[in-house]
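Hi,

Here is the structure I promised to pass on. Have a look at it first, and then read my notes below.

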Amino acid sequence: MNAVEFSTVGLFSNGPVIRLIDLATTVQESRGELSLDDEIRRYIRVIETNWTANWICPVYTAAAALDLAGKSVSASGTLDDYPPEFKEKVTRAAEGMPASEYLHILAEMVRSLNRSPYPEYDQLPMAGWEFLQTFPSLYGFDVVLMDEGDLPFSGLVRRFVSAEHPYCNERAATLSAQAQYALALFPGEQCIARHLSWATRAGLLELIDTVNEHMQREHS
């Protein structure tokens, strides 16, 4: 039985190994516009500012997973028996370097950068992919706005929440919570409008007020 058969398939098809390899590939394909150190710092920030993510797979565990993947590839001697997506992505990321060696180097980069505190947003701005992981409900609501733009903003919020009624508690709570989180992280007037044009401080406050009004009226 080879090393791949001993391994957990999920390690090579989903999770931190694939996420970090994706970031490395994105940096390479940016032709110098992105820094791998910065993208790993953003990854660390995403994990360490989310209690659930940090509980499920802390950064040092992600580094260990990369090392385990490197050892498995080294033991098997080939990528042919691995899931096609893993084989394709690690080959692109390694750029001619032995895949196992590259995975160990990437693991050490993660460990090294994790020894220092992650940067604040004014030191390292939030990237687009990081925004999607931090504010998925706000991003999802933006899709709703694009489909239903025939009402004032508060009316669109009200329609969205009412459409889920009487089972709106979870979605409304998450939407409102992420809006408040954005206000706390980025208290300026523009807040996160560079990612979502309507998500200024005024827009997010209006969203929160409309959700709260619905919940108090319909659920208190």
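Helices here are DSSP runs of H or I with at least four residues, numbered from the N terminus.

Before you read on: this is a predicted model, where local features need pLDDT of at least 70 and side-chain atom pairs count only at pLDDT 80 or more, while totals for chains, interfaces and linings use all residues. Residues are numbered from 1 along each chain as its sequence is written, and side-chain values use heavy atoms, leaving out hydrogens and water.

Back to α3: this helix covers residues 16–29 and reaches 20 Å from its first C-alpha to its last, close to the 20 Å expected at 1.5 Å a residue (1.5 Å times one less than the number of residues). Its buried residues include Pro16, Ile18, Leu20 and Val27. Buried means under 20% relative accessible area, exposed over 50%, and partly exposed in between (1.4 Å probe, protein chains only).

Now for α10. This helix has 12 residues and reaches 17 Å from first C-alpha to last, close to the expected 16 Å. Leu138, Phe141, Asp142, Val144 and Leu145 are buried in α10. Seen down the axis, these buried residues fall within an arc of 160°, so they line one face of the helix; the arc is that of the directions from the helix axis to the C-beta atoms. Met146 and Asp147, on the other side of α10, are exposed. Tyr139 also lies in α10, and it counts as partly exposed because its relative accessibility is 39%.

Cheers

Technical notes: Helices (H or I, at least four residues) and strands (E, at least two) are DSSP runs, numbered from the N terminus.
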